[in-house]
Amino acid sequence: MSGNSSLSPQHPNSTFPWTRVITGLVAIPIALSVTFLGGWYFTLGFGIIVYLGQWEYFQMVRAKGILPAAKTTVVITQILLVICTISSSLADAVVPVAGTLICFYLLFQPKLATIADIASSILGLFYCGYLPSYWVRLRSMGETSSLQWSLALPSHWPAWQDVPMGFKLTLLSFVCIWAADIGAYAFGKLWGRTRLSQISPKKTVEGAVCGVIGSIIVAMAGAYFLHWPYWEFTGLTLGLMIGIASLIGDLTESMMKRDAGIKNSGELLPGHGGILDRADSYVFTAPLVYYFVTLLLPLLSPGS
């Protein structure tokens, strides 16, 4: 599900995107299930998405004649996700080590590596690995133990107050992104007139604004039910950040596709394109939510 697909109005007789809807109806329950289970279930499911998205990214890079350290970067990224599950505090230490290993690999190839080879490999680690890894960190917040080796399925649905905070925050973030996506698509299709950017000509200012407003409404409702301090301010801030980050993620992926000369990053999801086409708006979101919760909220809490 890609965020902020604010499209200009189409012909009223255009075919309804049934394939797109059916794919979404299948994907959303699966995503919610692994998110609820958390732990290694979430890491495994998320790791598959990251793996597929990263390969799509490297395919775009290769379309430009660049030769990145794709396999090395993919393996390191999966290790990063595992470390995030075991201990979030160790995850940041992986990145500089990973960058060193990637450069080491490229330096000793038979063909002399270029700046583009190195830069695209590091970007693949950062854009498709490090930034998305914050979803694993966010989901693990509030768990009884950060090292959950048990794969036992829950025997019953816990009471809302017993649900880990990581699940609530991840779910709230997802719904904010979905609200931004639906708001941008629907209102952009109905009222969109002003082009937002040359990067993606079908996106409109009207759709983007409505998408951000949708994210803000959901975030404010979430802040109220989660009893956050100054819920009006914190909800507004979170919703604004997620709405804008979702839009930036969408435009960033569109920019890369335009540069690579392709329409979709892949064809894995019928009616949607590739993994990156649907997950682009999630890339920049998780780090902002994570640090919003760990840095800003404690400062606003009474007695802080």
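UniProt positions are given here in the numbering used for this chain, feature names are shortened, and annotations may be inferred rather than shown by experiment. In that record, an unreviewed entry, the feature "transmembrane region" is placed at residues 20-53, 65-83, 89-108, 115-136, 165-187, 208-227, 233-252 and 282-301. The structure is a predicted model, in which local features need pLDDT of at least 70, side-chain atom pairs count only at pLDDT 80 or more, and totals for chains, interfaces and linings use all residues. Residues are numbered from 1 along each chain as its sequence is written, and side-chain values use heavy atoms, with hydrogens and water left out.

**Secondary structure**

- The chain contains 11 helices and zero strands, where helices (H or I, at least four residues) and strands (E, at least two) are DSSP runs numbered from the N terminus.
- Along the sequence the pattern is α-α-α-α-α-α-α-α-α-α-α.
- Residues 89-108 are 95% helix and 0% strand, and the end C-alpha atoms of this span lie 32 Å apart.
- Residues 115-136 are 91% helix and 0% strand, with 31 Å between the end C-alpha atoms.

**Burial, surface and contacts**

- Of the 304 residues in the chain, 47% are buried, meaning under 20% relative accessible area with a 1.4 Å probe, protein chains only.
- The accessible surface is about 15200 Å², and carbon and sulfur atoms contribute 72% of this area; the areas come from the Shrake-Rupley method with a 1.4 Å probe.
- Among contacts (heavy atoms within 4.5 Å) with a separation of 6 or more, 76% join residues 24 or more positions apart.

**Packing of H2 and H5**

- The axes of helix H2 (residues 39-62) and helix H5 (residues 115-130) come within 10 Å and cross at roughly 150°; axes are lines fitted to C-alpha atoms, for helices over the stretch in contact, and angles run from 0 to 180 degrees between N-to-C directions.
- H2 is therefore roughly antiparallel to H5, a term for angles over 145 degrees.
- Residues that make the contact include Gly53 and Tyr57 of H2, and Gly124 and Cys128 of H5.
- The crossing of H2 and H5 is right-handed, which applies if the near helix is turned clockwise from the far one by less than a right angle.

**Packing of H8 and H9**

- Helix H8 (residues 205-225) and helix H9 (residues 231-260) pack at about 140°, with axes 7 Å apart.
- The crossing of H8 and H9 is right-handed.
- Among the residues that meet are Ala208, Ser215 and Tyr224 in H8, and Trp231, Gly239 and Leu247 in H9.

Conventions: Buried < 20%, exposed > 50% of the residue type's maximum accessible area, 1.4 Å probe, protein only. Parallel < 35°, antiparallel > 145°, perpendicular 65-115°, else oblique.
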